[in-house]
Amino acid sequence: MPKYEQISNEIRRRIKEGVYSLDEPIPDEISLAEEFGCSRMTVKRALDLLVSEGLLYRKRGHGTFIVKSAMLDGLVNVVSNETLGLTGVLKGREVTSKIIAFEVLFPSDEVAAHLCIDTNTPVYHLIRLRNVDGEPYVIERTYMPVHLIPGLNETVLHGSIYRYITHELGLTIAGSHRKIRADKPNELDQQYLQCAPDDPVLELEQVGFLNNGEPFEYSFSRHRYDKFVFVTVSTRR
């Protein structure tokens with residue numbers, strides 16, 4: 001096994017076992033290189049691997065931090081190889097958006113923890129109904145830090161936010177932590193998704209992160225049960 005993989009495995013173990021604080025940066029590359037008896041480049045490669053997995057994120061001028069959402073509830077998070085918005089998934093279909101709510105506010109403790117920010121950092125809060133070929137498919141409730149995703153407006157919200165992030169802002173979306181659960185329909189589901197009171201709803205809770213590991217999105221997408229199936233593919237390295 002290459003040295004950088006050995007180091008990444010050890011740091012991953014330390015993260016999972018709570019050796020490092022969630023509120024402080026992990027040791028810097030120089031310190032880790034001295035500890036593991038290797039070059040700084042080897043340590044950087046090990047950390048890059050953990051960033052790509054969504055376990056760490058880099059904050060310029062402050063160091064490398066653990067992504068708190070990766071540790072919540074002690075659950076194992078599956079990181080997809082590619083994160084696509086609904087427009088990207090349903091290429092060739094007509095995807096339109098209806099804005100139900102759009103505001104800037106200060107996040108709750110829970111939202112701030114998932115986005116690795118403090119509660120004094122403004123976030124967008126938006127709720128959108130996504131229609132596919134004229135039919136209601138998904139209601140999305142999303143939180144995004146304003147400083148990471150500047151310029152979000154109604155014109156962007158009526159189209160693809162992910163396309164705006166990648167094409168207009170020039171950022172790279174690396175992956176996401178996801179939890180999928182079944183739920184009963186709430187008032188918004190019944191009103192906008194046209195769900196019957198006894199229809200099940202598939203809720204996807206997601207933290208999306210950029211290629212530096214920094215979370216840019218915390219969202220809840222509620223899907224009509226008759227329109228979606230979620231498929232996972234597992235591969236061995």
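This chat covers a helix pair, a hairpin and one threonine.

Reader: What kind of model is this, and how are residues numbered?
Author: It is a predicted model, with local features needing pLDDT of at least 70, side-chain atom pairs counting only at pLDDT 80 or more, and totals for chains, interfaces and linings using all residues. Residues are numbered from 1 along each chain as its sequence is written, and side-chain values use heavy atoms, leaving out hydrogens and water.

Reader: At what angle do α2 and α3 cross?
Author: Roughly 110°, for helix α2 (residues 29-36) and helix α3 (residues 40-52), with their axes coming within 8 Å. That makes α2 roughly perpendicular to α3 (65 to 115 degrees).

Reader: Which residues meet there?
Author: From α2, Glu29, Ile30, Leu32 and Ala33; from α3, Arg40, Val43, Lys44 and Leu47. By class, this contact of α2 with α3 has five nonpolar, no polar and three charged residues.

Reader: New topic. How do β1 and β2 run?
Author: Antiparallel: four bridges join β1 (residues 56-59) to β2 (residues 63-66). Strands pair if DSSP finds at least two bridges between them. Three residues lie between the strands of this hairpin, and glycine 61 takes a positive phi near 85°.

Reader: Which residue is the bridge partner of arginine 58?
Author: Threonine 64, in β2.

Reader: Is threonine 64 buried or exposed?
Author: Threonine 64 counts as buried because its relative accessibility is 12% (buried means under 20%, exposed over 50%, partly exposed in between, with a 1.4 Å probe and protein chains only).

Reader: What is threonine 64 in contact with?
Author: Pro25, Ile26, Leu56, Tyr57 and Arg58, leaving aside neighbours within four places in sequence. Contact means heavy atoms within 4.5 Å.

Note on methods
Axes fitted to C-alpha atoms, helices over the stretch in contact; angles between N-to-C directions. Helix = DSSP H or I, 4+ residues; strand = E, 2+ residues; numbered from the N terminus. Parallel < 35°, antiparallel > 145°, perpendicular 65-115°, else oblique. Nonpolar A, V, L, I, M, F, W, Y, C, P; charged D, E, K, R; others polar.
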